[in-house]
Amino acid sequence: MPEEFVLEKETFEGKNALKLQIAIALAASMAFMISGGVRSWSSPCIPRLLELGSIKNSDVPYVGGLPPVGALLGALVSAPLMQFLGRRKTLLIVVVPWSAAFALLGFAPSTGAVYFARLCTGFMVGVATPAAQIYVAECVNPKIRGILGSLTATLLACGILITFILGSVLECDVLSWILASGALLLGVGMYFAPESPSWLILHGRRP
């Protein structure tokens, strides 16, 4: 995306300002929807992995608990990435590894692969969610910041619910690949989104 593609004054004041800001907020908030999928994936998928023999009963606590560990580590990395790369680019760089981790869960070739993929999906949650929340807050008009800022929580809940619903009717591998596709959609949305004006000003660039 060209560096010139940044937020202009019309983003806040033009006749299409509201539509643009809603689109920006929805694109970034996709990170929270995918995070909801990370959170709820274990509920429908662990029983099926046990049936397939991909994991054992003794593995269940680790499969369920590794994403929060990854998220903790990812949150520590998110701050410097946002500072040096920007909020938008931080969201872009998580897309491929996030999608790849979900795809690996779809194949689930071994217990170690499941462990690694769950840790990675959690790590990307830790990187992406702070960037998405800050990005939305910095890119929308203060008059509607509260409304659009709540989209993150709304899409998080939607991600949890959708994963539960799909998990009840789909095989675990298909569910994982759908979540991988969701991560790619985040990338598409953020590719066409502008950078945060606050970050641009902080780095001496014209918003």
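In which helix does Tyr115 lie? Tyr115 belongs to helix α7, residues 111–139. Helices here are DSSP runs of H or I with at least four residues, strands are E runs of at least two, and both are numbered from the N terminus. The model is predicted, so local features need pLDDT of at least 70 and side-chain atom pairs count only at pLDDT 80 or more, whereas totals for chains, interfaces and linings use all residues. Residues are numbered from 1 along each chain as its sequence is written, and side-chain values use heavy atoms, with hydrogens and water left out.

Tyr115 has a relative accessible area of 25% and is therefore partly exposed. Tyr115 touches Asp59, Tyr62, Val63 and Leu66, leaving aside residues up to four places away in sequence. Contact means heavy atoms within 4.5 Å. Tyr115 and Leu105 are ten residues apart along the chain, and their C-alpha atoms are separated by 9.1 Å.

Helix α7 also packs against α4 (60–85). The two axes are 6 Å apart, at an angle of about 40 degrees. That angle makes α4 oblique to α7. Axes are lines fitted to C-alpha atoms, for helices over the stretch in contact, and angles run from 0 to 180 degrees between N-to-C directions. Angles under 35 degrees count as roughly parallel, over 145 as roughly antiparallel, 65 to 115 as roughly perpendicular, and the rest as oblique. The contact of α4 with α7 comprises 19 nonpolar residues, six polar and one charged. Nonpolar covers Ala, Val, Leu, Ile, Met, Phe, Trp, Tyr, Cys and Pro; charged covers Asp, Glu, Lys and Arg; the others, Gly among them, are polar. The crossing of α4 and α7 is right-handed. A crossing is right-handed if the near helix is turned clockwise from the far one by less than a right angle, and left-handed if anticlockwise.

The loop between α6 (95–107) and α7 holds Ala108. Ala108 is not a glycine, yet its phi is positive, near 40 degrees. Its relative accessible area is 11%, so Ala108 is buried. Ser110 sits in the loop between α6 and α7 as well. Ser110 is partly exposed, at 33% relative accessibility. Between Ser110 and Ile144 there are 34 residues of sequence separation and 47 Å of space, C-alpha to C-alpha.

Helix α6 runs against α10 (172–191). Their axes come within 7 Å and cross at roughly 175 degrees. The pair is therefore roughly antiparallel. The contact of α6 with α10 has twelve nonpolar, four polar and one charged residues. On the α6 side, the residues in contact include Trp98, Phe102 and Phe107; those on the α10 side include Trp177, Leu184 and Leu186.

Thr163, Leu166 and Gly167 of α9 meet Leu175, Ile178 and Leu179 of α10. That contact has four nonpolar, two polar and no charged residues. Thr163 is also touched by Ser40, as are Gly159, Ile160 and Phe164, when residues up to four places away in sequence are not counted. Ser40 is part of helix α2. At 2% relative accessibility, Ser40 is buried.

Helix α3 (residues 42–52) has Ser42, Pro44, Cys45, Ile46 and Leu49 as its buried residues. Gly53 follows α3 and has a positive phi, near 85 degrees.

The cysteines form zero disulfides. A disulfide is counted when a pair of cysteine sulfur atoms lies within 2.5 Å. For Cys158, the closest cysteine sulfur is in Cys45, 19 Å away, which is too far for a bond. Cys158 is partly exposed, at 28% relative accessibility. Cys139, by contrast, is buried at 0%.

How values were computed
Buried < 20%, exposed > 50% of the residue type's maximum accessible area, 1.4 Å probe, protein only.
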